Structures are given as C-alpha cells and as structure tokens.
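Hello,

Here is the structure we spoke about, handed over for your own work. My notes on it follow below.

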Amino acid sequence: MSKRFFDYEDGDFAMSISDNMAIDTDGDLMMRMGDNMAMDMDTGDIHLVSSWPDDDDDD
C-alpha cells in the first residue's frame with residue numbers, strides 16, 4: 001500500500017510507489033534517502049520530507 005508524505009522543500013505531497021521511490025504531485029520521482037530525506041531524481045537535490053516510513057512499519 002502506498003504511503004503519503006509532505007515535501008517541505010516543494011510544499012507539496014508525494015506518494016510512495018515502492019520501498020525507495022515516490023512520485024510527487026508534479027510527477028517528479030524521488031528516491032528515499034532516510035526517514036525524513038529524499039533525493040529529487042531530476043535535479044539531484046536533497047529534500048526534507050515528513051516521515052517516510054518503511055513498509056515494514058505498522059500503520
């Protein structure tokens with residue numbers, strides 16, 4: 001199941017599409033770097049995000 005989180009850098013929401021990848025509302029791909037960090041795959045910029053939990057974590 002996909003999990004949603006907020007991207008503080010862009011001010012929009014993103015949704016996980018796999019354990020380590022997500023897509024934001026603009027269609028940009030992001031790679032999970034940690035619970036609160038993601039890398040924009042287009043620019044290589046690091047973004048601070050709200051908690052991006054592992055799929056192993058309980059809801």
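**Contacts around M30**

Leaving aside residues up to four places away in sequence, M30 touches D7, A14, N20, M21, A22, D24, A38, M39, M41, H47, V49 and W52. Please keep in mind that this is a predicted model. M30 sits in strand β4, which covers residues 29-34. Its relative accessibility is 1%, so M30 counts as buried, the cut-off being under 20%. M30 and D40 are ten residues apart in sequence, and their C-alpha atoms are 4.6 Å apart in space.

**The chain as a whole**

The secondary structure consists of six strands and zero helices, so the pattern along the sequence reads β-β-β-β-β-β. The chain has 59 residues, and 29% of them are buried. Among contacts with a separation of 6 or more, 26% are between residues 24 or more positions apart. The accessible surface of the chain is about 3800 Å², and carbon and sulfur atoms account for 49% of that surface.

**Salt bridge**

How many salt bridges does the count come to? The count comes to one. It joins the side chains of R32 and D35, with an N to O distance of 2.4 Å.

**Surface patches**

There are two patches to report.

- Negative charge: E9, D10, D26 and D45 gather in a patch on the surface. One of these residues, D10, lies in the loop between β1 (4-7) and β2 (12-16). D10 has a relative accessible area of 40%, so this residue is classed as partly exposed.
- Nonpolar: Y8, M33, M37, I46 and L48 form a patch on the surface, and together they have about 490 Å² of accessible area. Y8 is found in the loop between β1 and β2. Y8 counts as exposed because its relative accessible area is 52%, and the class begins at over 50%.

The loop between β1 and β2 therefore holds a residue of the nonpolar patch, Y8, and a residue of the negative patch, D10.

Regards

Conventions:
Residues numbered from 1 in each chain as written. Predicted model: local features only at pLDDT ≥ 70, side-chain atom pairs only at ≥ 80, totals over all residues. Heavy atoms only, no water. Patch = residues over 30% accessible without salt bridge, like charges linked within 9 Å, V, L, I, M, F, W, Y side chains within 5 Å. Areas by Shrake-Rupley, 256 points an atom, 1.4 Å probe, with all protein chains shown as cover. Salt bridge = Lys/Arg side-chain N within 4 Å of Asp/Glu carboxyl O. Lys, Arg positive; Asp, Glu negative; His and termini not counted. Charge placed at Lys NZ, Arg CZ, Asp CG, Glu CD. Helix = DSSP H or I, 4+ residues; strand = E, 2+ residues; numbered from the N terminus. Buried < 20%, exposed > 50% of the residue type's maximum accessible area, 1.4 Å probe, protein only. Contact = heavy atoms within 4.5 Å.
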